[in-house]
Amino acid sequence: MIKLLQIELYKLFSSYRTGITFAIAIILMLIINLGLYSDGEEIFDFLLESLNENFFVEGNVINGYLIAYLSLSTLWVHIPILIIIVTTHIFSGEFEYGTIRILLSQPISRLALLIAKITSAILYILIFMLLTAIFALIPAVFLFGKSDVVIFIDGIQFIQEATFLLRYFKAILFATLSMIAFSSMAMFFAIWFKNTLTAILISLGILILFTLLQTFVLGMFSSLQPFLFTYHIAKWQLFFVHDIPVKSILNSVYFLSAMSLFFMGISYLKFYKMNITE
């Protein structure tokens with residue numbers, strides 16, 4: 001099993017797709033930071049105009065912690081796209097290249113092979129999210145410094161500098177779970193359709209549809225909200241509310257964990273019953 005996992009990790013991290021997604025994530029974070037550093041002052045002055053009229057604000061309001069938070073908020077749609085480009089190919093690539101027949105003819109169990117592929121996908125997601133978090137944070141702190149953070153979620157939230165980093169990495173950990181859940185769905189489509197592009201398009205179509213249901217027609221479908229995974233994915237922002245709603249976040253953790261296990265389970269059933277000639 002360990003040897004099988006090592007092989008899957010080698011295939012994954014030696015792939016140009018993996019390197020490209022890492023590079024894109026880093027470049028996007030650097031562009032956002034440099035862009036806001038050179039031209040963002042007027043934008044922030046406009047956004048904070050109402051705040052300055054009603055509050056006396058002392059200190060560095062535009063700081064690296066705020067920029068890191070805004071960077072992740074800006075890319076919450078782009079990050080899932082980059083991740084599933086890699087994670088779907090872990091499965092569908094075997095069908096596209098015809099190597100699945102060689103794998104299934106070896107003296108290894110299909111369950112062991114599936115576990116190795118899912119584990120490598122989860123490790124990739126962990127590394128990707130950590131890398132994204134670091135490159136959103138460190139350049140921002142270097143360019144803008146550190147201070148307390150003012151965030152507009154359900155009104156105005158004042159986050160103390162001393163508590164921000166813990167909140168930030170808890171949010172990243174929660175977002176990682178969200179991406180594992182979303183990827184587990186995309187990987188199921190990769191096994192079902194045996195094609196990377198098809199799996200990506202269907203997964204993104206569902207993501208867009210659920211986002212629209214949640215955002216624009218919520219009144220009509222308000223009862224469906226707890227069943228939309230996009231509703232739970234967005235809960236990462238609650239770590240930046242002054243009093244973190246632990247119960248609400250835990251409910252989303254349970255939902256996303258159950259979603260991951262469900263799609264992994266049906267992926268195994270599909271994979272186990274698959275004819276070697278398919």
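Visitor: Which residues form one aromatic cluster?

Guide: This is a predicted model, in which local features need pLDDT of at least 70, side-chain atom pairs count only at pLDDT 80 or more, and totals for chains, interfaces and linings use all residues. Residues are numbered from 1 along each chain as its sequence is written, and side-chain values use heavy atoms, with hydrogens and water left out.

One aromatic cluster is formed by Tyr-65, Tyr-69, Phe-164, Tyr-168, Phe-169, Trp-236 and Phe-240. Rings of Phe, Tyr and Trp (its six-membered ring) pair if their centres lie within 6.5 Å; planes under 30 degrees apart count as stacked, over 60 as edge-to-face and the rest as tilted. By this rule there are 19 aromatic pairs.

Buried means under 20% relative accessible area, exposed over 50%, and partly exposed in between (1.4 Å probe, protein chains only). Helices (H or I, at least four residues) are DSSP runs, numbered from the N terminus.

Helix 8 has 33 residues and reaches 48 Å from its first C-alpha to its last, close to the 48 Å expected; the expected span is 1.5 Å times one less than the number of residues.

Phe-188 and Trp-192 both lie in helix 8, four residues apart, about one turn of the helix. An α-helix has 3.6 residues a turn, so residues three or four places apart point the same way. The rings of Phe-188 and Trp-192 make a tilted pair, 5.9 Å centre to centre with 40° between the planes. Phe-188 counts as buried because its relative accessibility is 12%, whereas Trp-192, at 44%, is partly exposed.

Charged groups also meet aromatic rings. The charged end of Lys-270 sits over the ring of Trp-192, 4.3 Å from its centre. The rule requires NZ of Lys or CZ of Arg within 6 Å of the ring centre and within 35 degrees of the ring normal. Lys-194 lies over the face of Phe-95, at 5.8 Å from the ring centre. Just after helix 8, Lys-194 takes a positive phi of about 60°.

Technical notes: Helix = DSSP H or I, 4+ residues; strand = E, 2+ residues; numbered from the N terminus.
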